Each structure stands twice: as structure tokens, then as C-alpha cells.
Amino acid sequence: MGKLPELNSRVEEVKDILTENIENMLARETKLDDLSDKADAVRREAEVFSETSQKVARSYWWKNVKIIVAIIVVVLIIVLIIVLLATGVIPVSNPVPPPPTSKP
């Protein structure tokens with residue numbers, strides 16, 4: 001009869017170890033689920049960030065294009081004015097009236 005209590009004690013030890021292992025496994029599974037949820041959230045946020053950054057980049061590109069077009073228009077107007085002044089289409093100063101001629 002000495003072996004039966006010893007076997008029962010060993011069975012209880014194994015049972016406790018198995019219970020602890022199952023609890024640890026369930027805790028790990030919960031942590032893995034949480035980690036998976038967080039990874040999904042980060043992926044979604046990365047997608048939103050990517051879309052937003054593309055919109056911002058496009059917006060700044062158009063602003064740059066508008067500024068470049070405005071600069072080109074201003075330069076063309078200045079060049080046109082210079083050309084018109086050089087060719088005499090736009091008079092630089094008032095013309096000097098011819099001296100009066102004497103009538104005999």
C-alpha cells in the first residue's frame with residue numbers, strides 16, 4: 001500500500017504541471033492574438049499614411065507647378081516689354097516737336 005499514495009502524489013504533480021502548461025499556452029495565445037491585432041492596426045495606419053502622404057506630395061507638386069508657371073509668365077511679360085521698348089513700339093520719351101519753321 002505504500003506505492004499507491006506515492007503514485008497519487010506523482011499523478012497530482014503531473015496534473016498540476018499540465019494545468020500550468022495549459023494556462024501558459026492560453027496566455028501566450030491571448031498575447032499572440034493581441035499582437036496580431038496590433039500588427040493589423042499598424043498595417044492599416046501605414047496604408048492611411050501612405051495615401052495621405054501621396055495626396056500631400058501631389059498637392060505640393062501642383063503648387064510648385066503654379067509658381068513656376070507664374071514666374072515664366074512674369075519673365076515673358078518683362079521680355080516682351082523690353083522688346084517693345086527696344087523696337088520703339090512703346091515710346092521711351094515724348095518726342096521733341098520739330099522747331100517752328102518761319103513762313104516767308
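Aromatic pairs to begin with. A search of the whole structure finds 1. The rings are those of Trp 61 and Trp 62, with centres 4.8 Å apart and planes at 80 degrees, so this is an edge-to-face pair. The cut-offs: rings of Phe, Tyr and Trp, the last by its six-membered ring, pair if their centres lie within 6.5 Å; planes under 30 degrees apart are stacked, over 60 edge-to-face, and the rest tilted. Trp 61 is partly exposed at 49% relative accessibility. Trp 62 is partly exposed too, at 48%. Buried here means under 20% relative accessible area, exposed over 50%, partly exposed in between, with a 1.4 Å probe and protein chains only.

A word on the source. This is a predicted model: local features need pLDDT of at least 70, side-chain atom pairs count only at pLDDT 80 or more, and totals for chains, interfaces and linings use all residues. Residues are numbered from 1 along each chain as its sequence is written, and side-chain values use heavy atoms, with hydrogens and water left out.

Next, salt bridges. How many does a search of the whole structure find? It finds 1. The side chains of Glu 47 and Arg 43 meet in it, at 3.2 Å, N to O. The criterion is a side-chain nitrogen of Lys or Arg within 4 Å of a carboxyl oxygen of Asp or Glu. Glu 47 and Arg 43 are 4 residues apart in helix α1, so about one helical turn separates them. Helices are DSSP runs of H or I, at least four residues, numbered from the N terminus. Glu 47 is partly exposed at 40%. Arg 43 is partly exposed, at 42%.

Ala 46 also lies in helix α1. Ala 46 is partly exposed, with a relative accessible area of 43%. Its C-alpha atom is separated by 61 Å from that of Val 89, 43 residues apart along the chain.

Val 89 brings us to the surface patches. Val 69, Val 73, Ile 77, Ile 81, Leu 85, Val 89, Ile 90 and Val 92 form a nonpolar one, with about 680 Å² of accessible area together. Patch residues have over 30% relative accessible area and no salt bridge; like charges are joined within 9 Å, nonpolar side chains within 5 Å. Val 69 sits in helix α1 and is partly exposed at 46%.

Last, charge. Glu 12, Glu 13, Asp 16, Glu 20 and Glu 23 gather in a negative surface patch. Of these, Glu 23 is found in helix α1, residues 3-87.

Technical notes. Areas by Shrake-Rupley, 256 points an atom, 1.4 Å probe, with all protein chains shown as cover. Lys, Arg positive; Asp, Glu negative; His and termini not counted. Charge placed at Lys NZ, Arg CZ, Asp CG, Glu CD. Helix = DSSP H or I, 4+ residues; strand = E, 2+ residues; numbered from the N terminus.
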